[in-house]
Amino acid sequence: MTNTKRALAISAPEPRTLDLIFSDSARAELHAKYEIVEADPENIAGLGDEILGKARYIIGQPPLSADTLGRMPALRSILNVESNLLNNMPYEVLFQRGIHVVTTGQVFAEPVAEIGLGFALALARGIVDADVAFRQGTELWGGEGNSSARLLAGSEIGIVGFGDLGKALRRLLSGFRACIRVFDPWLPRSILEENGVEPASLEDILTKSDFVFVVAAVTSENKGFLSTEAFASMRKGAALILLSRADVVDFDALMAAVSSGHIVAASDVYPQEPLPPDHPVRSLKGFIRSAHRAGALDSAFKKMGDMVLEDMDLMDRGLPPMRCKRAERETVSRMRSKPVAVN
């Protein structure tokens, strides 16, 4: 017999699954504490008024209309486990009603930062090319194999964007005694200075850096803002590491800058995912490729479920969510990130 005293949560976590984001023990806790109704994200409105009227939480970020939200008087929070804040619901209605929209995206900050550091070191020391050459029997020994090598230690580093991922990168890079500059127009200078980085213009980031990490979210204002001119302004031989979303760069221009030998690059994200087999980036020399796997660790996914449970418990007790990151009224409608295609 169903315990009707349990709060009702609609589960629509696509492209995630409950099995992916909850450990066995966490999922058992979820089902013990809540009445879970699994739903097709594209048809929340079809659940019926009995379910919608009782729903306190939505796990996922399904498209919602103002009419559907109007049928959900008990809704307290939408817990986005896709991690991108999609422009698929009337945020002004949610904010007016005091419904929390939160995201678990910060679980990816540390793993993505670590692979970004790996990209930088691989580009600086030619690790990937040296390995390929060794396999082919064309390796160069000693100093002969280091003609273009450089140190990350003591270098000049630029970070474009300083959210959770940018902060995680700064922590990892702090041991390299580098000059770290940051461009983020959404943050005041004092926050950057308190985090031990130098506030800088985008021009300074591009022209003064040996390594540029691009970790900015895609918004309505910055789509494709790193273009041919931006790459041309970078130091010859500098490295660009793209970790956030491909839409912040003109990807064809990035490939052209690498193909010309002006810069080297690495990316975990692409304009189309999966990439077609004949995409030119697959054979581009000076470009390290990763198949959108930087943050896709099981430990990160399971941390999502723990965060969701902790925040639901807080809200059950009349407290605000604290573990997940809350969407901000002034910026959420500007987000333009595409949903992930695969886990």
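Predicted model: local features only at pLDDT ≥ 70, side-chain atom pairs only at ≥ 80, totals over all residues.

Colleague: Is Asn-80 buried or exposed?

Modeller: Asn-80 is buried, because its relative accessible area is 0%.

Colleague: What does the side chain of Asn-80 have within reach of a polar atom?

Modeller: The backbone nitrogen of Glu-82. It lies 2.8 Å from a polar atom of the Asn-80 side chain.

Colleague: And which residues does Asn-80 contact, leaving aside neighbours within four places in sequence?

Modeller: Gly-60, Gln-61, Leu-85, Val-102, Thr-103 and Thr-104.

Colleague: Switching topic. How many disulfides does the structure hold?

Modeller: It holds 0 disulfides. As for individual cysteines, Cys-179 is partly exposed, with a relative accessible area of 27%. Cys-324 is buried, at 5%.

Colleague: Now the nonpolar core. Which residues in the largest one touch the most other members?

Modeller: Leu-30, Ile-159, Leu-173, Phe-213, Leu-243 and Met-312, out of 57 residues in that core. Helix α6, residues 109-125, gives the most to this core, with 10 residues.

Colleague: Next, helix α8. Which of its residues are buried?

Modeller: In α8, residues 164-173, the buried ones are Leu-165, Gly-166, Ala-168, Leu-169 and Leu-173. Seen down the helix axis, the buried residues of α8 fall within an arc of 160°, so they line one face.

Colleague: Why would residues three or four places apart point the same way?

Modeller: Because an α-helix has 3.6 residues a turn.

Colleague: What do the buried residues of α8 pack against?

Modeller: They pack against α6, β6 (156-160), β7 (179-183) and β9 (211-214).

Colleague: How far is Ser-174 from Asp-129, C-alpha to C-alpha?

Modeller: They are separated by 27 Å, and they sit 45 residues apart along the chain.

Colleague: Now the sheet with β6, β7 and β9. What is the strand order?

Modeller: The order is β8-β7-β6-β9-β10-β11-β12. That is 7 strands in an open sheet, and the pairing is parallel. The edge strands are β8 (198-199) and β12 (287-289), each pairing on one side only.

Colleague: How many bridges join β6 to β7, and β6 to β9?

Modeller: β6 and β7 are joined by 5 bridges. β6 and β9 are joined by 4. Val-160 stands opposite Phe-183 in β7, and in β9 the bridge partner of Val-160 is Val-214.

Colleague: What about the other partner of β9?

Modeller: β9 pairs with strand β10, residues 239-242, in the parallel sense over 4 bridges. There, Phe-211 has Ala-239 of β10 as its bridge partner.

Colleague: Which residues of β9 are buried on each side?

Modeller: Phe-211 and Phe-213 on one side, Val-212 and Val-214 on the other. So the side chains alternate between the two faces, as they do in a regular strand.

Colleague: Last topic, β1. How many of its residues are buried?

Modeller: 6 of 6, for residues 7-12. Ala-7, Ala-9 and Ser-11 are buried on one side, while Leu-8, Ile-10 and Ala-12 are buried on the other.

Colleague: And which strands does β1 pair with?

Modeller: β1 is joined to β2, residues 34-38, by 5 bridges, running parallel. β1 also pairs with β3, residues 55-60, in the parallel sense over 5 bridges. Ser-11 has Glu-38 in β2 as its bridge partner, and Ile-10 stands opposite Ile-58 in β3.

Technical notes:
Residues numbered from 1 in each chain as written. Heavy atoms only, no water. Buried < 20%, exposed > 50% of the residue type's maximum accessible area, 1.4 Å probe, protein only. Polar contact = N/O pair within 3.5 Å; in protein donor to acceptor, adjacent residues only side chain to side chain. Contact = heavy atoms within 4.5 Å. Disulfide = S-S within 2.5 Å. Core = buried A, V, L, I, M, F, W, Y, C linked by side-chain atoms within 4.5 Å. Helix = DSSP H or I, 4+ residues; strand = E, 2+ residues; numbered from the N terminus. Arc of directions from axis to C-beta. Pairing = 2+ DSSP bridges.
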